[in-house]
Amino acid sequence: MAYKDGEVFTTYCDKLYDKHKYKIVFKNGKSITYDDYELMRHHWYQYRHEATSVVVVDTKSGFK
């Protein structure tokens, strides 16, 4: 699990974040979905002022 605290992106677990997809949601309503956690994290830092949240998409259970 990860969250944004101010300008710091913190993780709760040292295991790979490869079981899910990750979606960055932007203020303009658009979103981008990623298979790769590290790429999503990189883009979150790059666009954090334009983004509102990161959504974890659980692909195994179908939960979104």
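This is a predicted model: local features need pLDDT of at least 70, side-chain atom pairs count only at pLDDT 80 or more; totals for chains, interfaces and linings use all residues.
Biologist: Along β3, which side chains point to one face and are buried, and which point to the other?
Modeller: Tyr-22, Ile-24 and Phe-26 share one face of β3 and are buried.

Biologist: Okay. Which strands does β3 pair with, then?
Modeller: The order in the sheet is β4-β3-β5, so β3 has β4 on one side and β5 on the other, with antiparallel pairing. The sheet is an open one of three strands. β4 and β5 are at the edges with a single partner strand each, so one side of each has no neighbour in the sheet. From one strand to the next, the twist averages 20°.

Biologist: How many bridges are there between β3 and β4?
Modeller: Four, linking residues 21-26 of β3 to residues 31-34 of β4 in the antiparallel sense.

Biologist: And how many between β3 and β5?
Modeller: Six, again antiparallel, with β5 covering residues 51-57.

Biologist: Take Lys-23. What is its bridge partner in β4?
Modeller: That's Thr-33. In β5, Lys-23 has Val-55 as its bridge partner. Ile-24 has a partner in β4 as well, namely Ile-32.

Biologist: What sits between β3 and β4?
Modeller: Four residues, and the two strands form a hairpin. In the turn, Gly-29 has a positive phi of about 95°.

Biologist: Switching topic: how many salt bridges are there?
Modeller: The count is two salt bridges. One joins Asp-35 and Lys-21, with the closest N and O atoms 3.4 Å apart. That pair links distant parts of the chain, 14 residues apart: Asp-35 lies in the loop between β4 and α1, and Lys-21 in strand β3.

Biologist: Is Asp-35 buried or exposed?
Modeller: Asp-35 counts as exposed, at 55% relative accessibility. Lys-21 is partly exposed, with a relative accessible area of 33%.

Biologist: Which side chains meet in the salt bridge at 3.6 Å?
Modeller: Arg-41 and Glu-38, and the 3.6 Å is N to O. Both are in helix α1, and they are separated by about one helical turn because they are three residues apart.

Biologist: How accessible is Arg-41?
Modeller: Arg-41 has a relative accessible area of 25%, so it is partly exposed. Glu-38 counts as partly exposed too, at 47% relative accessibility.

Biologist: Now the rings. How many aromatic pairs does the structure hold?
Modeller: Two aromatic pairs. In one, the ring centres of Tyr-22 and Tyr-37 are 5.3 Å apart and the planes are at 65°, so the pair is edge-to-face. It links distant parts of the chain, with Tyr-22 in strand β3 and Tyr-37 in helix α1, 15 residues apart.

Biologist: What about the pair with Phe-26?
Modeller: Phe-26 pairs with Tyr-47, edge-to-face, at 6.4 Å centre to centre and 75° between the planes. This pair also links distant parts of the chain: Phe-26 is in strand β3 and Tyr-47 in helix α1, 21 residues apart.

Biologist: And how accessible are they?
Modeller: Phe-26 counts as buried at 12% relative accessibility, whereas Tyr-47 is partly exposed, with a relative accessible area of 32%.

Methods: Residues are numbered from 1 along each chain as its sequence is written. Side-chain values use heavy atoms; hydrogens and water are left out. Two strands pair if DSSP finds at least two bridges between them. A salt bridge is a side-chain nitrogen of Lys or Arg within 4 Å of a carboxyl oxygen of Asp or Glu. Buried means under 20% relative accessible area, exposed over 50%, partly exposed in between (1.4 Å probe, protein chains only). Axes are lines fitted to C-alpha atoms, for helices over the stretch in contact, and angles run from 0 to 180 degrees between N-to-C directions. Rings of Phe, Tyr and Trp (its six-membered ring) pair if their centres lie within 6.5 Å; planes under 30 degrees apart count as stacked, over 60 as edge-to-face and the rest as tilted.
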